[in-house]
Amino acid sequence: PGGPRAEPRLLNRNGRQDAGEEGVRDITIRLEDGSSVKTDEKGAYQFPRVGTGGHQVTLEGKRIPAEYSLIGPETVKVEIAMRETLQIRFPLIRTGRILGWVAEDPNQNGKREPGEKGIPDVLVLLEPGDLNTYTDEEGRFVFENILPGEYTMKIDSATLPDEIVFTSPSEWKLQVGVGDEQQDRGFLIHIKPRPIRIGPPSR
């Protein structure tokens, strides 16, 4: 009897291997009996001798390269008849990244200039998907492994200082492509100075 063979694909999320979309090598594929193979330079693999009957073919999703995401099930159940060869495809897609920052804009000119400080510990939200991340000590943030699509990026206002004004858009509409890296996506915030009160303390 023949065995299952397949090619994990680099896709644009349309479910087909289009021109220019190459296979991904060194991906581990396992059968339910523990036997395994790795994909070749074209993304193809083969189990040449598999008994008839039911089998489970599994792609080791935890070991795929970080820049890819599997957009189908990790395990596929198959039934193999005598002398039958099956083709099973595990579609992989190259994901994107978004890099940005949240910073103060003390002169309120809507531009980030040298010396303007980043704001740490601000929660940045990416929708849909309920993705979120915090800015680091320099006000920078990054979203990894983003599937292609349209997103809205904004800030959780509860993590901002009191009395602020946005001098940049308060949210961004983003179109993330296959393998896209969007850089320098920023939020500028003017923090209003607290008024100085002179006089006897209030009772």
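Predicted model: local features only at pLDDT ≥ 70, side-chain atom pairs only at ≥ 80, totals over all residues.

User: What is the peptide bond from E127 to P128, cis or trans?

Analyst: The general idea is that most peptide bonds are trans. The bond leading from E127 into P128 is cis, its omega being near 0°.

User: Where does G129 lie, and is G129 buried or exposed?

Analyst: G129 belongs to the loop that joins β11 (123-127) to β12 (131-134). With a relative accessible area of 54%, G129 passes the 50% cut-off and therefore counts as exposed. As for distances, the C-alpha atoms of G129 and I146 are 9.8 Å apart, while 17 residues separate the two along the chain.

User: Where is the place of P73, and is P73 buried or exposed?

Analyst: P73 is in the loop between β7 (68-70) and β8 (75-80). P73 is exposed, its relative accessible area being 54%. From P73 to T58 the sequence distance is 15 residues, and the C-alpha atoms lie 8.6 Å apart.

User: How is the chain as a whole to be described, and how many helices and strands are in its secondary structure?

Analyst: The chain has 0 helices and 17 strands. It has 203 residues, of which 37% count as buried. Its accessible surface is about 12400 Å², and carbon and sulfur atoms contribute 47% of that. Among contacts with a separation of 6 or more, 59% link residues 24 or more positions apart.

User: In which strand is confidence lowest, and in which is it highest?

Analyst: Confidence is given as pLDDT, on a scale from 0 to 100. The mean over the chain is 86, and 85% of the residues reach 70 or more. Strand β1 (residues 5-6) has the lowest confidence, with a mean of 48, whereas β11 has the highest, at 96. Over residues 1-7, pLDDT stays under 50; for this stretch the model has 49 contacts beyond four places in sequence.

User: Which residues other than glycine have a positive phi, among them E163?

Analyst: In general, most residues other than glycine have a negative phi. E163, which is not a glycine, has a positive phi of about 55°. E163 is found in the loop between β14 (149-155) and β15 (164-166), and E163 is exposed at 55% relative accessibility. D184 also has a positive phi, near 60°. The place of D184 is in strand β17, and D184 counts as exposed because its relative accessibility is 56%.

User: Where is Q182 found, and what does its side chain reach?

Analyst: Q182 is found in strand β17 (residues 181-191). At 9% relative accessibility, Q182 falls under the 20% cut-off and so counts as buried. Its side chain reaches the backbone oxygen of Q175 at 2.7 Å. The side chain of Q182 also makes a polar contact with the side chain of R185, at 3.0 Å. Neighbours within four places in sequence aside, Q182 is in contact with R97, I98, L99, L174, Q175 and V176.

User: What does the charged end of R185 sit over?

Analyst: The charged end of R185 sits over the ring of W172, 5.6 Å from the ring centre. There is also R112, whose charged end sits over the ring of W101, 4.8 Å from its centre.

User: How many aromatic pairs does the structure hold, and why do they count as edge-to-face?

Analyst: The structure holds 2 aromatic pairs. In the pair of Y45 and F47, the ring centres are 6.0 Å apart and the planes meet at 75°, so this pair is edge-to-face. Both Y45 and F47 are buried. In the pair of F141 and F143, the centres are 5.9 Å apart and the planes stand at 70°, so this pair is edge-to-face as well. The cut-off for that label is an angle over 60 degrees. F141 is buried, with a relative accessible area of 4%, and F143 is buried, with a relative accessible area of 4%.

Terms used. Residues numbered from 1 in each chain as written. Heavy atoms only, no water. Helix = DSSP H or I, 4+ residues; strand = E, 2+ residues; numbered from the N terminus. Buried < 20%, exposed > 50% of the residue type's maximum accessible area, 1.4 Å probe, protein only. Contact = heavy atoms within 4.5 Å. Areas by Shrake-Rupley, 256 points an atom, 1.4 Å probe, with all protein chains shown as cover. pLDDT = per-residue confidence, 0-100. Polar contact = N/O pair within 3.5 Å; in protein donor to acceptor, adjacent residues only side chain to side chain. Phe/Tyr/Trp six-rings, centres within 6.5 Å; stacked < 30°, edge-to-face > 60°. Lys NZ or Arg CZ within 6 Å of the ring centre and 35° of its normal.
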